[in-house]
Amino acid sequence: MRLTQTGDLWWKNAVVYCLDIETFADGDGDGRGDIRGLIQQIDHLDRLGVTCLWLMPFFPTPDRDDGYDIVDFYGVDPRLGSLGDMVELVRTARDRGMRVIADLVVNHTSAQHPWFQDARRSRDSRYRDWYVWQDEPPADGPQGIVFPDQETSVWNYDEEAGQYYLHRFYSHQPDLNVANPAVRDEIARVMGFWMQLGLSGFRVDAVPFLLETSGQDDATALPDPHDYLADLGAFLRRRNGEAVLLGEVNLSYPETMAFFGHDGGGGATRELTMCFDFIGMQQLYLSLARGDAEPLAETLRGRPAPPEDGQWATFVRNHDELTLDKLTDAQRQEVFAAFGPDEDMQLYGRGLRRRLPPMLGDDQRRIRMVYSLLFSLPGTPVLYYGEEIGMAEDLSLPGRFAVRSDMDWAATRDQQADPGSLLHWMRLLVESYRACPELAWGRCTVLDPGPDARGVFAHRCDAEGAAVVVLHHFADAEVEVAPVLTGLAGTHLHDVLDPRAEPVPVDADGRMALTLPPYGCRWLRAADG
């Protein structure tokens, strides 16, 4: 993809910032975050360099699952504001160059949703087939319980309905039947409604569960679920050619590629525009635990290229537990031992309910190195609120809420006044990332850092004759780095993060040599002469 063809593909080099309105900023003094509070703090996000705001669920809800149990897909929870407030937020964000996307949570509804309440009253209800019912839980039905500490089955018997209903998540969240054309039409209407109010797309929650049809009657005769996702993608693009679908797909790389609707290596996406890189994220933490870059390097060498108009979304933390489910049992225990040795820090035996700074012992060298890596990896960086100021988790809160505590505005104000703070480092990284289109648009190559530099992750990104070479050191020791840079012999590499630093020469054999301090990082841009 040529850099001159980037007009509508804004997500290729976006900076995405995820937040929960309820915990972000309180605008009316009632102790709860709200839309007006977010509008009042929008300039904080503007100064940070955010270009896309991702809103966690803000819909009317009984709030038994932090807003992911929805009773009205067309409204705003009155505790947070009104539809008018939401339109004002989108307008204010747009004025500052930010697009807004929102969670599309249509795998399930709240059990209190009017659709489900009508469906359970009669088998003749127009909404009965909007959910998945069985007289007995089928042996070939969905397997695996998402919340094993809360649920014992993915089927729940409803006395009033006289049948079992499917719920991949909590029993108070019955799954919608996406094989039903009426449900599909309704989901499209929901998307169309919010796009008409100014949203630029959606983060699609739990995509593999959304498309699941196992356990339903005549499952083998149902339409291909990927055809449905392609239909949603086509609908989105018809309504707004620049809109995106960002998918939560925690599967292997080959399985995840199917959700782009293309096998990579060129062409266009038909389904999701972007997919989170869960595999790379988990290998990052294994590398951090070992002080060895090789797990991450090996993974990214084998990561498939996304379609030309698609992108991987890279992240360090998000609103859920830090899942480690794609690591082996032994690898998972390594990460637990390094970053969550206390049982209270772990969740479901598969992840950590912690934020990054406490996991790294608040070591600013390591913290800054990790975020430097995030912004230089091929893919679109996604930040979770509070990461820019190094917020910690609150383990006194239950489950996933440990990483969903209120935004710390006092720390934000302190760091705003300190040019050596993490906040200022994050602003520098965002500015540098946006100034280096090679990182987002170029061809990425994982480099051999040299014979004695196993702790270093080295890669280069090339686009239209320009190149950026990036080095990150995972170990607590000084190291000599000496990668071979094909095609750059005789050039000098200029430091992007510190323009005052001396240029680094590349010798006639194409080898560059420099010393990295413990947990050091360098972004180096090639220039002639």
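Two strands are taken to pair if DSSP finds at least two bridges between them. Helices (H or I, at least four residues) and strands (E, at least two) are DSSP runs, numbered from the N terminus. The model is predicted: local features need pLDDT of at least 70, side-chain atom pairs count only at pLDDT 80 or more, and totals for chains, interfaces and linings use all residues. Residues are numbered from 1 along each chain as its sequence is written, and side-chain values use heavy atoms, with hydrogens and water left out.

Strand 4 and strand 6 pair in the antiparallel sense over two bridges. Here Trp 133 stands opposite Tyr 165 in strand 6. Strand 5 is joined to strand 6 (residues 163-166) by four bridges, again antiparallel. Tyr 165 of strand 6 is also the bridge partner of Asn 156. Trp 155 faces Leu 166 in strand 6. Four residues lie between the strands in the hairpin of strand 5 and strand 6, where Gly 162 adopts a positive phi near 75°.

Axes are lines fitted to C-alpha atoms, for helices over the stretch in contact, and angles run from 0 to 180 degrees between N-to-C directions. Strand 3 (residues 99-104) and strand 7 (residues 201-204) run parallel and are joined by three bridges. Leu 104 stands opposite Val 204 in strand 7. Contact means heavy atoms within 4.5 Å.

Helix 10 (residues 278-290) and helix 11 (residues 294-301) have axes that come within 7 Å and cross at roughly 155°. Helix 10 is therefore roughly antiparallel to helix 11 (angles under 35 degrees count as roughly parallel, over 145 as roughly antiparallel, 65 to 115 as roughly perpendicular and the rest as oblique). Helix 10 contributes Ile 279, Gly 280, Gln 283, Leu 284, Leu 286, Ser 287 and Arg 290 to the contact. Helix 11 contributes Glu 294, Pro 295, Leu 296 and Thr 299.

The chain is divided into domain 1 (3-107 + 180-437) and domain 2 (442-526), with bounds from an automatic or database domain assignment. Their contact takes 31 residues from domain 1 and 25 residues from domain 2. The C-alpha centres of the two domains lie 30 Å apart. About 2300 Å² is buried between domain 1 and domain 2, and carbon and sulfur atoms give 69% of this area. Buried area is the accessible area (1.4 Å probe) that two parts lose on being put together, summed over both.
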